[in-house]
Amino acid sequence: RLLASFPAMLAYWHHFSRSKKRIDTQSGAASHAGHYLTLLHGKAPADAHENALNASLVLYAEHEFNASTFSARVTTSTLSDFYSAITSAIGTLRGPLHGGANEAAMELILRFKNSDDAEKGIMESLSRKEKIMGFGHRVYKDCDPRSPVIQQWARKLADTSERKKLYDIAERIDRVMKREKNLFPNADFYSALVYYFMDVP
């Protein structure tokens, strides 16, 4: 019941908090992703967008014992109520090293004019020993098996010249990180592009 309510709750809050607009929370969409995107944008999404978001939700759900899951389990272990456990998980997810990672990855991608500029900028950041968000994982040590799946969706959604440029920048950053640090992109890196291409704030 709570999972079914989340898309409407989130979209309603988004519109009301920004413009005081009260939206109808019925969409007629057949999936969580379609329902959410319809309420967010006020129209049915393109099939590619709905399928990409559905894929992303499955990939995130398939992950194992991450920080927000751990928070929910700790809260539950005290015999607290279900809603408090979910609230604990959301609070943990809000952190920049967990749910905020894809936002940070998108900010990184948007810093560069083109892929050559990205390589130069990443090399400078590495020389200053700065953390590059969206790479490596605390559980997955050799690769994040979710990343190639969401990368394919990012490639599919890069359907305009401007979007293609952003995808090329991301791919170059990916190659530089592999070459220089032997680090792989986690699910958040290419998810950033997918959400950006779907106009999810």
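**Figure 1. Overview of the chain and its helices.** The chain holds ten helices and zero strands, where helices (H or I, at least four residues) and strands (E, at least two) are DSSP runs numbered from the N terminus. Along the sequence the pattern reads α-α-α-α-α-α-α-α-α-α. The radius of gyration, at 18 Å, is close to the 17 Å given by the globule rule for 201 residues, so the chain is as compact as a globular protein of that length; this radius is taken over C-alpha atoms, and the rule is 2.2 Å times the number of residues to the power 0.38. This is a predicted model, in which local features need pLDDT of at least 70 and side-chain atom pairs count only at pLDDT 80 or more, while totals for chains, interfaces and linings use all residues. Residues are numbered from 1 along each chain as its sequence is written, and side-chain values use heavy atoms, with hydrogens and water left out.

Figure 2. Taken along the principal axes, the C-alpha atoms fill a box of roughly 45 × 45 × 30 Å. Of the 201 residues, 43% count as buried, a term that means under 20% relative accessible area, with exposed meaning over 50% and partly exposed in between (1.4 Å probe, protein chains only). The accessible surface comes to about 11,900 Å², of which 55% belongs to carbon and sulfur atoms; such areas come from the Shrake-Rupley method with a 1.4 Å probe, and for residues only the protein chains shown count as cover. Among contacts (heavy atoms within 4.5 Å) between residues at least 6 apart in sequence, 69% join residues at least 24 apart. The mean positions of the 27 positive and 23 negative charges are 4 Å apart, where Lys and Arg count as positive and Asp and Glu as negative, with His and the chain ends not counted. Each charge is placed at NZ of Lys, CZ of Arg, CG of Asp or CD of Glu.

Figure 3. Once its neighbours within four places in sequence are left aside, serine 147 is in contact with Pro185, Asn186, Ala187 and Tyr190. The buried residues of α8 are Ser147, Ile150, Gln151, Trp153, Ala154 and Leu157. Seen down the axis of α8, these buried residues fall within an arc of 160°, so they line one face of the helix; the arc is that of the directions from the helix axis to the C-beta atoms. An α-helix has 3.6 residues a turn, so residues three or four places apart point the same way. The partners against which the buried residues of α8 pack are α3 (47-62), α9 (161-181) and α10 (187-197).

Figure 4. Leaving aside neighbours within four places in sequence, serine 56 is in contact with Ile150, Ser191 and Tyr195. Ile150 is itself one of the buried residues of α8.

**Figure 5. Two loop lysines with positive phi.** Lysine 20 has a positive phi of about 65° although it is not a glycine, and this lysine is found in the loop between α1 (2-19) and α2 (32-41). With a relative accessible area of 57%, lysine 20 is exposed. Lysine 129, which is not a glycine either, has a positive phi of about 60° and is placed in the loop between α7 (115-127) and α8. At 74% relative accessibility, lysine 129 counts as exposed.

**Figure 6. Alanine 72 in helix α4.** Alanine 72 lies in helix α4, residues 67-77, and is buried, with a relative accessible area of 15%. Not counting residues up to four places away in sequence, alanine 72 touches Ala85 and Ala89. Alanine 72 and serine 84, twelve residues apart in sequence, are 8.1 Å apart in space from C-alpha to C-alpha.

Figure 7. Alanine 4 lies in helix α1 and is partly exposed, with a relative accessible area of 48%. From alanine 4 to alanine 192, 188 residues apart in sequence, the C-alpha to C-alpha distance is 24 Å. Arginine 175, in helix α9, is partly exposed, with a relative accessible area of 47%. The C-alpha atoms of arginine 175 and proline 185, ten residues apart along the chain, are separated by 9.6 Å.
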